[in-house]
Amino acid sequence: MTPVPFVDLGRQYESIRDEVHAAIDGVLERGDFILGKGVADFEQAFASKCGAAFGIAVDSGTSALELVLRAYGIGPGDEVITQANTFIATALAISHSGATPVLVDADPETYMIQPKLIRKAITPRTKAIMPVHLYGHPADMDAIMAIAAEHDLIVIEDASQAHTATYKGEPVGSIGHAAAFSLYPAKNLGAYGDAGIIVTTDPEVAERLYLLRNYGSVKKYYHETDGFNRRMDTLQAEVLSVKLRYLDDWTSARRSHAARYSELLSDLGAAVKIPSTEVWADPVYHLYVIEVDDRDGLQQALAERGIGTVIHYPVPIHQQKAYASLGHAEGDFPVTEAAATRVLSLPMFAEMTDEEIVAVVDAVREFVSGNG
Ligand SMILES: *Cc1c(COP(=O)(O)O)cnc(C)c1O
């Protein structure tokens, strides 16, 4: 029996330990803890990786999403369309800006937001669309940008799970008006604590974001607007700059693990639905998500063999207590609701070994054939 963790950040740390320590030491020696040069350097490097002009480093992905809405003047009375099958933070960021999240259902094959349902959800109050590149697979950006252009809407990509994924060869983050990335430790690019970043090519929005994250101030003690304290620590920026140099290697490893999983799992036939990829997409597999009938049974069987799995996500946004006020009922988003009972994310991280992938698939096979 080979136990396999869902994710193992320790292995990655071992591989970059010396560089990380040197980067952290540098900050401790210089003492430039807040908005030090390391922050500007990381912003520049990450933005250029995304094909965007500006990067604005902040303290979390949730802050990144909220501040970008505020930078576009979106707030009370406005509606922002997003999908029902996302992490709670997408919806929270909309609520925190004062706007109302308007949910739509996802595509049953890819779990991406359905453009034709976005169209139906538009009202005179709609100000923005927030597609989520869920699990690392890009949303159908051309269709979304076309709807936005028709209705004069802002498109803010929630790219928190999709660092460097591409849509028709273009990196996510370079397609919408702006994009927000979480840099939470377990994301494809993760800090050693909370962090996030916004990228945009709009200089005016970038300028507002630099103000909003730092008390509304460029010059110390002079405040242009009632901003926030949402800065990224220099320590995290330095760690992220080290890790950014390895991101392409880690992404290739994730892609080859995903290909291996799919090759092995396709032998199990219809009992296991493997991830679908649209022709336009080059996903980065933040998560490798399968669907099975007896999802809870499979999760239990894998746990008994020491294999870690997670459900992304067990409760859709419209069924969360936090969003009871939206007034939705069961059946409103059938694809999302069905997925919530069927999806299971298998172990996925760059450093996992082929032996581990084979062990996971063997355990899935044993469960599925035992049940068949
Ligand atoms: C992780 C995540 C966020 C929130 O990021 P934090 O850094 O944890 O605030 C937002 N949206 C999605 C889709 C995420 O996966």
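**Close-up views of a predicted model**

View 1. A polar side-chain atom of Thr62 lies 2.5 Å from a ligand oxygen atom, and a polar backbone atom of Gly61 is 2.8 Å from an oxygen atom of the ligand. In total, 16 residues surround the ligand, the closest being Gly61, Thr62, Asp158, Ser182 and Lys187 (a residue is near a molecule or strand if one of its heavy atoms lies within 4 Å of it).

**View 2. The sheet of seven strands.** The strands of this open sheet follow the order β1-β9-β8-β5-β4-β2-β3, with mixed pairing. Strands (E, at least two residues) and helices (H or I, at least four) are DSSP runs numbered from the N terminus, and two strands pair if DSSP finds at least two bridges between them. Because β1 (54–58) and β3 (100–104) stand at the edges with a single partner strand each, one side of each is left without a neighbour in the sheet. From one strand to the next, the twist averages 25 degrees (axes are lines fitted to C-alpha atoms, for helices over the stretch in contact, and angles run from 0 to 180 degrees between N-to-C directions). Strands β2 (residues 79–83) and β4 (residues 126–129) run parallel and are joined by three bridges; Val80 has Ala128 of β4 as its bridge partner.

**View 3. Helices across the sheet.** Helix α2 (residues 37–49) lies across β1, β8 (178–182) and β9 (196–200), at about 130 degrees to β1. Helix α6 (residues 141–151) lies across β4 and β5 (154–158), at about 150 degrees to β5. Contact means heavy atoms within 4.5 Å.

**View 4. The sheet of three strands.** This open sheet has the order β7-β6-β10 and antiparallel pairing. Its edge strands, β7 (170–171) and β10 (281–282), each pair on one side only. Two bridges link β6 (residues 166–167) with β7, where Glu170 is the bridge partner of Tyr167.

**Notes.** Residues are numbered from 1 along each chain as its sequence is written, and side-chain values use heavy atoms, with hydrogens and water left out. Local features need pLDDT of at least 70 and side-chain atom pairs count only at pLDDT 80 or more, whereas totals for chains, interfaces and linings use all residues.

Key: A polar contact is a pair of N or O atoms within 3.5 Å; within protein, one must be able to donate a hydrogen and the other to accept it, and residues adjacent in sequence count only if both atoms are side-chain atoms.
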